[in-house]
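Please open the model in your viewer and keep the sequence panel beside it.

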Amino acid sequence: MSVTEFLRPEGWLGETGGPRYVQLRQRLETGIENGVLPPNSSLPPEREIAEITELSRVTVRKAIQELVREGLIEQRQGSGSFIREPINRMEQSLSHLTSFTEDMARRGMDTTSRWLERGVFLPTPAETKALDLPEGAEVARIYRLREAGERPMALERASLPLDILPNPLEVTTSLYAVLSQRGLRPVRAVQKISAINLEAREADLLGVAEGAAGLSIARTSYLANGRVAELTRSLYRGDAYDFVAELRL
Ligand code: 16G
């Protein structure tokens with residue numbers, strides 16, 4: 001598919017998908033992810049993107065600036081914007097609210113999930129409390145082994161209120177992509193990271209020895225209106241990840 005065809009607004013740009021520059025940014029991220037916009041290729045000029053998408057140049061500029069900030073695009077003086085080569089280091093920024101699929105795509109890796117559980121269940125008291133579920137409500141749960149470049153990386157168990165994810169089976173690759181399509185992608189999250197030793201079953205799934213070091217990350221994500229959208233516990237292989245936080249005065 002050509003970049004022009006890929007950017008035509010039919011099918012991805014809509015009234016309900018959130019701010020237009022965000023929709024365009026996500027479309028471009030998808031293009032980078034699936035190779036329509038390969039590393040080192042140049043992005044069409046702002047004016048051209050505005051024409052194809054029927055968006056204003058201000059909107060296009062804003063989307064591009066975000067991609068520059070995310071490190072996906074590089075602006076070279078006088079010659080335009082280019083897709084950057086993905087960096088092949090397993091460093092995850094602690095300041096961007098990204099998804100596993102996006103994190104890995106940025107490193108040029110494909111992701112696969114091995115499904116361990118996916119469906120609608122009666123919530124545990126902890127889920128009811130954290131997700132602020134009304135009495136009698138059920139919960140959507142997805143539990144998967146996440147692999148990148150065919151290497152197991154993390155075990156991830158996510159719980160979401162049913163009105164946010166009515167059909168967990170809809171999630172085949174990226175949870176956040178499904179939430180984005182529904183206009184319900186979290187905009188803020190709080191994470192708690194703790195060191196753990198992996199138990200036998202977890203270690204086995206992650207392809208490491210029992211008792212190996214791991215990182216347990218509990219993420220609670222929120223929608224723009226402050227509502228809790230997701231409660232996820234991820235167990236990362238300790239040998240596969242560096243979490244990097246930028247601190248400013
Ligand atoms: C990340 C998040 C997790 C989220 C998932 C969505 C951490 C520690 N956790 O793994 O909370 O549910 O991404 O990924 O970063 P997906 O859109 O690829 O399914």
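**Stop one: the ligand**

Select Arg219 together with the ligand, and you will find a side-chain N or O atom of Arg219 at 2.8 Å from an oxygen atom of the ligand, a polar contact in the sense of a pair of N or O atoms within 3.5 Å. This is a predicted model, in which local features need pLDDT of at least 70 and side-chain atom pairs count only at pLDDT 80 or more, while totals for chains, interfaces and linings use all residues. Residues are numbered from 1 along each chain as its sequence is written, and side-chain values use heavy atoms, with hydrogens and water left out.

**Stop two: a salt bridge**

Now select Arg185 and Glu102, whose side chains form a salt bridge with an N to O distance of 2.7 Å. Arg185 lies in the loop between α7 (175-181) and β7 (188-197), whereas Glu102 belongs to helix α5 (residues 100-106), so that the pair links distant parts of the chain, 83 residues apart; helices (H or I, at least four residues) and strands (E, at least two) are DSSP runs, numbered from the N terminus. The structure holds 11 salt bridges, each defined as a side-chain nitrogen of Lys or Arg within 4 Å of a carboxyl oxygen of Asp or Glu.

**Stop three: the two domains**

Finally, colour domain 1 (3-83) and domain 2 (90-244) separately, with bounds that come from an automatic or database domain assignment. Their centres, taken over C-alpha atoms, are 27 Å apart. Six residues from domain 1 and seven from domain 2 make the contact, meaning heavy atoms within 4.5 Å. Across this interface the rule finds zero salt bridges.

Definitions and conventions: Polar contact = N/O pair within 3.5 Å; in protein donor to acceptor, adjacent residues only side chain to side chain.
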